[in-house]
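Me: I have a chain to go through, with its sequence and model. Please take my questions one at a time.

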Amino acid sequence: MAEEDRMIKMEVDYTETVAKVIPECESLASANNLNEAIEKLLVLEKQTRAAGDAISSSKVLVCIVSLCYEAKDYALLKEHITTLCKKRGHFKLSVTKMVQRCCEMVPEIQDKEKKLELIEVLRTVTEGKIYVENERARVTRTLAAIYEKEDNLEKAAKVLQELQVETFGSMEKKEKVEFILEQMRLCFETKDYIRTSIISKKISTKYFESEETEQLKLRYYRQMIDLNLHHKEYLAVSKNFFEIYSSKSVKEDDKKWKEALKRVVLYLILSEYDNEQSDMLARLKSDTNLTKLPYYQNVLMCFDTAELLNWSILKKVYSQHLKSGTGGTSQPLDTEDNWEVLQTRVVEHNISPGEVLHSDIPQTLRRSPQPRPQGSGEDAMRASCEGYCHS
């Protein structure tokens, strides 16, 4: 019962009266006397409301909407939902119970137009009412699903974005995360990548530390991978695949963890070199599971050495295995694009030892710094080497 309802002192207990009148009204409705039954219940509703009997009032309101629904009189149902929510001095408990009963009706209605009309009425009467925010969110999600089924993704995404579920105090954390993931998915499907990124920050990854949340964790990281792939943020992709790889259900399935670990390696070597990438490479090379993926272990070790890499040999030896492991979960990258990026990483790797050696040359003996060349991988590497050799 709501705090405001508790503060209202019950003057008369209508429990026995309600227990007697409701069956009578149900019998009247069954005998095609729906209007008479509703009139009788409305009189009782007024009495229970005036007497401060919130529990009895709730039973009466639920009975009114139930009788209208069972009679398939949707016009009368919508009318009474709207009217009862506007009654002066109504109880929040009563309105909540009535709205909850109406929400149960939504999935049972087969006629799409009737279902949409009921959803809109429920969204209207619950707007701005914190005590029925969960019910509003759930019917809105149902509405978004209907729009999506009609291939109207823009409308589905827009209607679901109206919900700021992260501020809902009465909603369970799991349901909040499910809502936010759905918002992310629809925004991504409509190519609203900026909003997808903003919404993703509403989820704290600490929530996924519990094993009970593993399915939501996998769903979250797969959606993040799609987003990162769009922005070509390869280190982020590698990290997200590592989170998937580290999940208990994935570790218990040989096929799943091998596929995940392959992609961790692939996107790590596609990432630009920095301290974060270097730290992850050092952590990953100590993983004993890599020994079961020798080609991926070897190519990873190639980037962990100061020796120059021969692009032609690397491509010839590893191309078949690396191509079979490229791509994300639902949005694979173009293979040629991957290889161009990898070729660039090889050039950068080969330039790095030269830069280290060049830094040891006394300032007086140095020429001006050579700019990093543009162009194809091998041409760039050759030009770089010539530049450093003549320095």
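Me: In which helix is Ile313 found?
Reply: This is a predicted model. The helix in question covers residues 311–323, and Ile313 is found in that stretch, helix H18.

Me: What is the accessible area of the nonpolar surface patch that Tyr295, Ile313 and Val317 form together?
Reply: A patch takes in residues with over 30% relative accessible area and no salt bridge. Tyr295, Ile313 and Val317 form such a nonpolar patch on the surface. Together their accessible area is about 270 Å².

Me: Are helices H5 and H7 roughly parallel or roughly antiparallel?
Reply: Helix H5 (residues 74–85) packs with helix H7 (residues 112–126), and their axes lie 10 Å apart. The angle is about 5 degrees. Angles under 35 degrees count as roughly parallel, so H5 and H7 are roughly parallel.

Me: How many of the residues in the contact of H5 with H7 are nonpolar?
Reply: From H5 the contact draws on Tyr74, Leu77, Lys78, Ile81, Thr82 and Cys85. On the side of H7 they meet Lys114, Glu117, Leu118, Val121, Leu122 and Val125. Of these residues three are charged and one is polar, and the number of nonpolar ones is eight.

Me: How far apart are the closest N and O atoms of Lys40 and Glu24?
Reply: Side chains of opposite charge can pair when their charged atoms come close. Lys40 lies in helix H3 (residues 34–51) and Glu24 in helix H2 (residues 15–30), 16 residues apart. The salt-bridge cut-off is 4 Å between nitrogen and carboxyl oxygen. Lys40 and Glu24 form a salt bridge, with their closest N and O atoms at 2.9 Å.

Me: Leaving aside neighbours within four places in sequence, which residues is Ser170 in contact with?
Reply: Ser170 sits in the loop between helix H9 (153–161) and helix H10 (173–189). Ile130 is 40 residues from Ser170 in sequence, and their C-alpha atoms are 9.0 Å apart. With those sequence neighbours left aside, Ser170 is in contact with Glu133 and Asn134.

Notes:
Residues numbered from 1 in each chain as written. Predicted model: local features only at pLDDT ≥ 70, side-chain atom pairs only at ≥ 80, totals over all residues. Heavy atoms only, no water. Patch = residues over 30% accessible without salt bridge, like charges linked within 9 Å, V, L, I, M, F, W, Y side chains within 5 Å. Areas by Shrake-Rupley, 256 points an atom, 1.4 Å probe, with all protein chains shown as cover. Salt bridge = Lys/Arg side-chain N within 4 Å of Asp/Glu carboxyl O. Helix = DSSP H or I, 4+ residues; strand = E, 2+ residues; numbered from the N terminus. Axes fitted to C-alpha atoms, helices over the stretch in contact; angles between N-to-C directions. Parallel < 35°, antiparallel > 145°, perpendicular 65-115°, else oblique. Contact = heavy atoms within 4.5 Å. Nonpolar A, V, L, I, M, F, W, Y, C, P; charged D, E, K, R; others polar.
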